[in-house]
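Subject: Structure for you to look at

Hi,

Here is the structure I promised to pass on. Have a look at it first, and my notes follow below.

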Amino acid sequence: MGSDLLFYIFGAVAVGASLAVIGQRNPIYSVLLLILSFGALSGLYILLDAPFVAVIQIIVYAGAIMVLFLFVVMLLNAPHEETDYDERVHPLLRAGPTRFGVVLAIGLIAELWWALTKGRETGPFGDGSVSSVAAIGRSLFTEYSFQFEVTSVLILVAMVGAVVLARREPKSEGRP
Amino acid sequence: MSGLVPTPALSHYLILSAVLFTIGAAGVFVRRNIITVLLSIEIMLNAVNLTFVAVGRYRGTVDGQIITFFVMTVAAAEAAVGLAIVIGLFRHKESLNPDSFTALKW
């Protein structure tokens, strides 16, 4: 079946684009590559029989959140990252959080290797369809209605917080 | 065509998700730019979303997709507040390097 191959293509695009996001020094390219990664993940959601999540992945993530990031990157106009350490030094010999990050990455890769070799194969996916948007809506507004309302409070708090944080100091407005 | 690659099962999706999460976690520590650190957090959130949707598909319920919906809401709120903080920090220090913000360092 062709969709088997699609999983590997989308997975490779997602992993490659995410690695490029980390490897990139210019944040604008990082944001654009992350949009590519989200597009590949959206394809994976369609393969997983979840078209609703795939669509909001594109609209909300790639369309709204990433454009917000891109807007801030262009607003701040500070494209290149300055580093105070020598790039040629081995990552394990650098100071502080970089060394910790490398240790963490090695630990996670070791764990992943363990899962790959020792983990048992799970069975194939069942035949039951979970793609019904009506079922999602019914569950969201009955079983999870309280959580849904709490989410609206969260968004309100985030909105007020963002406005307060990004506001100019009242003092500086009086200056010429 | 079907003999070319193994049919993806739940474990394939979980491994892909773990790889993406590892990339995001490494990016938080390796990069010295606050915006790239926020992007790495988004990569990690998406890896978790993929896990939720795959396990929800495996169990045959829509609960995984609903949790993904909530995670996306939290990610949007986090991006809005985080970018507001970045703008405020940049206004004070003219820098995006996390090492230059040491006012709260003990």
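From the N terminus on, chain A runs α-α-α-α-α-α-α, with 7 helices and 0 strands. Helices (H or I, at least four residues) and strands (E, at least two) are DSSP runs, numbered from the N terminus. This is a predicted model, in which local features need pLDDT of at least 70 and side-chain atom pairs count only at pLDDT 80 or more, while totals for chains, interfaces and linings use all residues. Residues are numbered from 1 along each chain as its sequence is written, with chains lettered from A and ligands numbered from 1 in the order in which they are written.

Now to where the chains meet. In total, 65 residues of chain B are in contact with 75 residues of chain A (C-beta atoms, placed from the backbone, within 7 Å). On the chain B side, α3(B) gives the most, with 20 residues. That side divides into 42 nonpolar, 18 polar and 5 charged residues (Ala, Val, Leu, Ile, Met, Phe, Trp, Tyr, Cys and Pro are nonpolar, Asp, Glu, Lys and Arg charged, the others, Gly among them, polar).

Helix α3 (residues 51-76) of chain A and helix α3 (residues 63-93) of chain B have axes that come within 11 Å and cross at roughly 5° (lines fitted to C-alpha atoms over the stretch in contact, with angles from 0 to 180 degrees between N-to-C directions). The two helices are therefore roughly parallel (under 35 degrees). Residues making this contact include A:F52, A:I56 and A:F69 from α3(A) and B:M72, B:L83 and B:F90 from α3(B). By class, the contact has 19 nonpolar, 2 polar and no charged residues.

Best wishes

Methods
Parallel < 35°, antiparallel > 145°, perpendicular 65-115°, else oblique. Contact = placed C-beta atoms within 7 Å.
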